[in-house]
Amino acid sequence: MNITLQKERLLIIEGEVEMKILLHVCCGPCSTFVIEQLKSEGHELVLFFPNSNIYPKEEREKRKLYAEKVSEIYELDFIFDEYNHPEWKEFVRGLESEPSGGKRCAKCFEMNLTKAAMKARELGIENFTTTLTVSRFKKSHMVIAVGRAVGSRIGVNFLDYDFKKKGGYDKSIELAKKYGLYQQSYCGCEFSLRKN
Ligand code: SF4
């Protein structure tokens with residue numbers, strides 16, 4: 001995080017500054033707690049769902065549907081990308097047999113976070129972050145390292161929240177139950193599906 005952003009965070013804690021943030025959302029359940037935390041800090045959010053990593057298409061449509069439902073619950077704008085799984089497969093080519101949490105996942109984060117940063121830049125939004133760190137199945141330090149690199153390459157501030165902290169994962173599960181959201185049983189791509 002750069003010095004300017006650190007100053008912004010300090011002012012936010014004092015309730016004096018709000019930011020407009022493009023939030024990359026991976027699915028409905030993970031979005032709930034993250035949205036509540038960011039809204040409680042006074043930020044204005046736009047939700048963005050790219051996620052061509054998800055396989056098959058029906059699963060991707062289901063996760064998109066529930067992410068959109070969450071946007072309606074919290075009265076937020078929701079933007080999505082067209083599904084392009086072949087593009088994602090090409091991006092991770094050669095890493096198919098990597099274990100979960102390995103190099104393929106870092107590339108997968110890179111693709112979605114690059115799309116998020118580019119969408120933020122297109123919309124004139126100066127900050128972006130992601131729900132990916134809330135999941136206990138994803139390594140926050142890896143997500144954050146990729147987010148910082150992407151942010152500095154595209155020229156948009158990546159906010160390095162670790163939403164797992166303060167029981168974020170358990171709270172997101174509770175909220176997902178409260179709102180009747182679909183909760184998936186695998187990470188997303190066909191390589192994670194095969195392991196279930
Ligand atoms: S296991 Fe999950 S994070 Fe890793 S490549 Fe597949 S969809 Fe992406």
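Predicted model: local features only at pLDDT ≥ 70, side-chain atom pairs only at ≥ 80, totals over all residues.
# Briefing: helices, salt bridges and ring pairs

Ser 192 is a buried residue, with a relative accessible area of 12%, and its place is in helix α8. A search of the whole structure finds 11 salt bridges, and the count of aromatic pairs comes to 8.

- The side chain of Ser 192 reaches the backbone in two places, namely the nitrogen of Gly 188 at 3.0 Å and the oxygen of Cys 189 at 2.8 Å.
- When residues up to four places away in sequence are not counted, Ser 192 touches Tyr 186 and Cys 187.
- Ser 31 has its place in helix α2, which covers residues 28–40, and Ser 31 counts as buried because its relative accessibility is 1%, where the cut-off for buried is under 20%.
- A polar atom of the Ser 31 side chain lies 2.4 Å from the backbone oxygen of Cys 27.
- With residues up to four places away in sequence left out, Ser 31 touches Val 25, Val 70 and Thr 131.

**Helix α5**

- Helix α5 runs over residues 103–123, which makes 21 residues, and the distance from its first C-alpha to its last is 30 Å, close to the 30 Å expected at 1.5 Å a residue.
- The buried residues of α5 include Cys 105, Cys 108, Phe 109, Met 111 and Leu 113, and among them there are also Arg 104 and Lys 119.
- Gly 124 follows α5, and the phi angle of Gly 124 is positive, near 75°.

- Side chains of opposite charge can pair when their charged atoms come close.
- Glu 190 and Lys 89 form a salt bridge in which the closest N and O atoms are 3.6 Å apart. Because Glu 190 lies in helix α8 (residues 190–193) and Lys 89 lies in helix α4 (residues 85–91), this pair ties together parts that are 101 residues apart in sequence.
- Asp 160 and Arg 148 meet through their side chains in a salt bridge of 2.7 Å, N to O. Asp 160 lies in the loop between β5 (157–158) and α7 (168–178), while Arg 148 lies in helix α6 (residues 140–154), so the pair ties together parts that are 12 residues apart in sequence.
- Within this pair, Asp 160 counts as buried at 16% relative accessibility, while Arg 148 is partly exposed with a relative accessible area of 44%.
- Glu 90 and Arg 93 also meet through their side chains in a salt bridge, at 2.9 Å from N to O. Here Glu 90 is partly exposed, with a relative accessible area of 46%, and Arg 93 is exposed, with a relative accessible area of 57%.
- Salt bridges also link Arg 60, Glu 61 and Lys 64 into a network.

**Aromatic rings and the charges over them**

- A pair of aromatic rings is described by the distance of the centres and the angle of the planes.
- The count of aromatic pairs is 8, and one of them is formed by Tyr 66 and Tyr 182, a tilted pair with 6.1 Å centre to centre and 50° between the planes. This pair links distant parts of the chain, for Tyr 66 is in helix α3 (residues 57–73) and Tyr 182 is in the loop between α7 and α8, 116 residues apart.
- Tyr 66 is partly exposed, with a relative accessible area of 22%, and Tyr 182 is buried, with a relative accessible area of 19%.
- Phe 78 and Phe 80 form another tilted aromatic pair, with 6.3 Å centre to centre and 35° between the planes. Phe 78 counts as buried at 16% relative accessibility, whereas Phe 80 counts as partly exposed at 35%.
- Phe 49 joins Phe 78 and Phe 80 in a cluster that is linked by ring pairs.
- Two lysines lie over ring faces: Lys 62 lies over the face of Tyr 182, at 4.1 Å from the ring centre, and Lys 64 lies over the face of Phe 80, at 4.0 Å from the ring centre.

Methods:
Residues numbered from 1 in each chain as written. Heavy atoms only, no water. Helix = DSSP H or I, 4+ residues; strand = E, 2+ residues; numbered from the N terminus. Expected span 1.5 Å × (residues − 1). Buried < 20%, exposed > 50% of the residue type's maximum accessible area, 1.4 Å probe, protein only. Salt bridge = Lys/Arg side-chain N within 4 Å of Asp/Glu carboxyl O. Polar contact = N/O pair within 3.5 Å; in protein donor to acceptor, adjacent residues only side chain to side chain. Contact = heavy atoms within 4.5 Å. Phe/Tyr/Trp six-rings, centres within 6.5 Å; stacked < 30°, edge-to-face > 60°. Lys NZ or Arg CZ within 6 Å of the ring centre and 35° of its normal.
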